Every structure is written in C-alpha cells, then in structure tokens.
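This briefing covers the sheet, the nonpolar cores and the salt bridges of one model. The sequence and structure are shown first.

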Amino acid sequence: MPSPSSPHGQVTIAQLLARPELHLEALVDGSLDTSIRWVASSDLPDPTPYLLGGEFLLTAGVGLRGLDEAGLARYIERAVRVGVVAIGFGIDPVFTEVPPALVDACRAHALTLIRIPSDTPFVAVTRTFAEMTELRRVDALRTLADATRRLLRAASADQPETAVAAALAERLHSWAAVVGQGGTVRARAGQVPPAPVLGALAEAADPTKSGHAIYPLRSLGGASLGTLLVEAAPPAGSTAHAFLTTAHGMLELIARQRTSGSVAPGQLLVPLLLEEGDVFARSNVGQDGELWRELLAQAAGGDARARTLRVVVACAPSAAKGTSELHRWRSLFDTKLVTISAEHATVTLITRLDVTERRLSSLVDEGWSFVVGRPVAPEQLRASAAEVRALERRAREDGGVVRVGADLAPVHSFIGTASGRALADRRLEPLLALDAVARDAKLALLRAWLHANGHWDATGRELGIHRNSVRRGIDQLRGLLGLDLDDARVRAELVIALDYVE
C-alpha cells in the first residue's frame, strides 16, 4: 500500500468527509488533504502498537473512560507519534458527545478529529473507504493501460526513440530527451533545453543536484548506452511514475537493439513479445490484448486473429556475412518481426508462414542452422520461444533444421550429437579402450542390464546367459568404470551415453 503522503489515487480525509451517506462531521480540521492508508477500529487504551501509520482510527471511547485531560492528551500524542492521520469518535453507547479535552488535544497537535453519529456504524465507514479505494485503483489501472498502449504503438514506429520520448513528455506534461554517448541528442520532445545543456546534464558527476530526473540506459553487461532525461520525476508509486518506468525500460531495450544493428519497426516488438513478459497474460484491460493482435497483424501480415504464428531462430555459421541484412529475412519469411543479435550470432523472427525445408534450403547450404517452433496462438509466443531456445545448442552442433516436437526422444533433442558423444567418451572411456570383442560384449551387457532396470534374471534372459554371469559382469563394470551403478543419476547418464557410442 502506498504511503499516506502519496498523492496518487488514494482517498483523502476530505473525500471521505464528503460522502453524504456517512454523516461525518469534522470537529478539528487538521490536514484534510492527507491520504488515508486504511480505516482501523480499536477501543484499546493504547492501540498504537498495532498500527502501521496513516490510519483513520475509529474509537467509541471504551478505552478512554475515566481518563482525565492529561490521559486524553497522552492518547493523542501516541497516535500522532505513530502517524495516525485522523481520529473518528463514535457517539454512543459510551459517550453522548466528544469529550472537550479530546477536542483540545487534537487541536493542539493539528490532528483531524471527526464526529461519527450513532446511526453510522463503523463498518459503514470502512466499507465506503474500501469502495472508494478500489474505484481509484481501477481508474489508475485504466489510465496506465491507456498510456501503455500509447507506448507500445510508439515502440513499433519508424523512429521508436522519438515516439516514446513524445509519449513520455505528453504523459508527464514536461519535456523528455534521449542523449547518446558523447552528448549526441538522439530524441527530444517538449520544451527541451539546448543540446549542450542536455549533454552536460547527461554527463553530470552528481545528477541529483541538477534538479532534473536522469535515468541511465545500460546494456545487459552494464555498459552505458545513453541517458534518458526528463524535466522532473513524478511521485514514486503514481501512475505517471509507473509510465516513466515502462518508458525507460523500452528506451533501454531500443538502445540495446541499436548496438545489434538498426532499430527498424518490428525489431523491438520481438524482444517485447518473447523476452519482456507475457503481454497477453499480464493485460489488466482487455484492449491491451487487442492492441498486440493489431500490431501482430500489421507486422506478420494478414489477420493475426485467424492465424497461428511460429518462432524461428537462425544460428549463423562461424564465417557468416550479412547477418544484418534485415530485408533478406523479412522478405524470405514475409514478416517485419525480425531481430538480429550480432552478440549471439542469431536471427530471431516471428512468422505466420509454414517454414518448409525448401524455404530454408539456400540458407542451410550457406551453413545456417535453424530451430523452428510449433505453430501457436499469439498468447503462447513466449512459451514457444523458450522451447525454441532450448534446442538452439543442438541446432548449432548438428546443423540443419531442428523442429520443436518433431523428435520422439526429447532428452536427445536437447543434447545434440557433439555433446552426446562427449558424454559417452567421458563416462565410458575405460570400457571403450578395450579390444573390440571385450568392448562389444560389455557394452551389450550394460545396455541390457540398464534396459532391464538392474534385474539379473531379465538381463540374463535377454542375453541368454545365467543370472550369476550377469552379476559378475556388472561387478566388473563397476570397477572398470569407477561409477556407482546403484545411483539413478549415474544410470540415466549411462543410458544417454550409450546412444552416442560409435
């Protein structure tokens, strides 16, 4: 819950007083514009150990009976000390009116004192406050959702940095600018100071003294990619602050994208869809999902609502040239949703097309390898991307085209031939060093025993030998391999390793 001083969306004392159905009367006007954290009821002589601060404290005076002026003053002093923002005093059944000494104590501490008539139950005050708080929360979410939709459209514009800065300046009613390394102004919106001033602000040794809000843009490794500057930071916890945080994240993502190549429309949408969270599942307002479908339809072609999409990752060969040829990938897959990572030597794209072997053949001939995801609905793109990336290592090692779900041996589909052979060489090295006859016999015994889950009789029947011979042979393998064959993890590794023995 925000602090009681937070100005955004919280219910103030004045707003609660204005509800006519409660019939509340302010006997002492403290700070009526103060926000209420919660409405609490207590008739303890000292309820302060059970309060967090920011409460509108309701009492019927049960714990105040018999207190003199000094006692009532101490009650108010303790309440003020823990941060109570107002006292609500209920009339009847204990007091017929608010004690004058309590009024004087509240006035002395400028603490709001409210008279609650006998026909207004405390629970009515609490319920009304809760309803008002929820309505303001929903309004704040709706406002943030509308603003976020503006940001998403800005991120897919031809000049995303400029569009995001313009959306930010409009929302904050101020100016915003993006300054690159060396003081170059890459984007600006609103009544922005001159470029030399912006450059000096971005490189200030102590940004807190400038009076402006300064947010660094950094790479995943922490290197500086530039700076976002705004005229002033909105209050923490406000919808404007949440909007600023989202815009900052998008601008940082754009800056990272810039280091990998261009920031053409569509490139930024790919990491937003596949890396920054499930935008469909996170939507608090249904129109957000509609916006994403609209953007997908524009970028992937056709009516995205009626189509499934595929995530494809292309892994560059070591001698690849032209990985930054964005137009080639867009043309081949008929999509604008393409992003290139020079750092990881990959191209990631989202397409509505059926990715056939024929479509990939020319690139495979050049040494490219591919992981092709299964067709999924837009809501499943992030999960599909995780499946695709899990197979990326196998595609690099084995080459060609790897398709999610096409391999009936899921463990092997993630390992790749090179890694599997390395495992076999490491785990079975003493056995593989034997002469061919002994090697083949012991490999056959190990396979059969593992297949039979360590059952002597079943292994013997499969190999046509006595169970005692099986036992002796396995004991020899224990010593030869130096492994604990009773360990399930060791057995699992051996099952996999045996499939890669040449």
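Is E21 buried, partly exposed or exposed? E21 counts as partly exposed, because its relative accessibility is 40%, between the limits of 20% for buried and 50% for exposed. The model is predicted. E21 forms a salt bridge with R19, where the closest N and O atoms are 2.8 Å apart. R19 is partly exposed as well, with a relative accessible area of 26%.

**Salt bridges**
- The structure holds 20 salt bridges.
- R352 and D334 form a salt bridge in which the closest N and O atoms are 2.4 Å apart.
- This pair links distant parts of the chain, 18 residues apart: R352 is in the loop between strand 12 and helix 12 (357–365), and D334 is in the loop between helix 11 (326–333) and strand 11.
- R352 counts as partly exposed at 24% relative accessibility, and D334 counts as partly exposed at 37%.
- Another salt bridge joins the side chains of E357 and R403, at 3.2 Å from N to O.
- Because E357 lies in helix 12 and R403 in strand 14, this pair ties together parts that are 46 residues apart in sequence.
- E357 has a relative accessible area of 45% and is partly exposed; R403, at 25%, counts as partly exposed.

- Five strands form an open sheet in the order 11-12-10-13-14, and the pairing is mixed.
- Strand 11 and strand 14 (401–403) are the edge strands, each pairing on one side only.
- On average, neighbouring strands of this sheet are turned by 15 degrees against each other, direction ignored.
- Strand 11 (residues 338–341) is covered on both faces: V338 and I340 are buried on one side, T339 and S341 on the other.
- Strand 11 pairs with strand 12 (residues 346–351) in the antiparallel sense over 4 bridges, and T339 stands opposite T348.
- Strand 10 (residues 310–315) and strand 13 (residues 369–372) are also antiparallel, with 4 bridges; V312 has V372 as its bridge partner.
- Helix 13 (residues 381–390) lies across strand 10, strand 12 and strand 13, at about 30 degrees to strand 10.

**Nonpolar cores**
- The largest nonpolar core has 29 residues, of which L168, L228 and V230 touch the most other members.
- Elements giving two or more residues to this core include helix 4 (122–155), strand 9 (224–230) and helix 7 (239–260).
- Helix 7 gives the most, with 8 residues.
- Among the residues that L228 touches are L168, A177, Y215, L244 and H248.
- Another core, of 23 residues, lies apart from this one and includes L431, L446, W449 and V501.

Notes:
Residues are numbered from 1 along each chain as its sequence is written. This is a predicted model: local features need pLDDT of at least 70, side-chain atom pairs count only at pLDDT 80 or more; totals for chains, interfaces and linings use all residues. Side-chain values use heavy atoms; hydrogens and water are left out. Buried means under 20% relative accessible area, exposed over 50%, partly exposed in between (1.4 Å probe, protein chains only). Two strands pair if DSSP finds at least two bridges between them. A nonpolar core is a set of buried Ala, Val, Leu, Ile, Met, Phe, Trp, Tyr and Cys residues joined through side-chain atoms within 4.5 Å. Contact means heavy atoms within 4.5 Å. Axes are lines fitted to C-alpha atoms, for helices over the stretch in contact, and angles run from 0 to 180 degrees between N-to-C directions. A salt bridge is a side-chain nitrogen of Lys or Arg within 4 Å of a carboxyl oxygen of Asp or Glu. Lists of a residue's contacts leave out its neighbours within four places in sequence.
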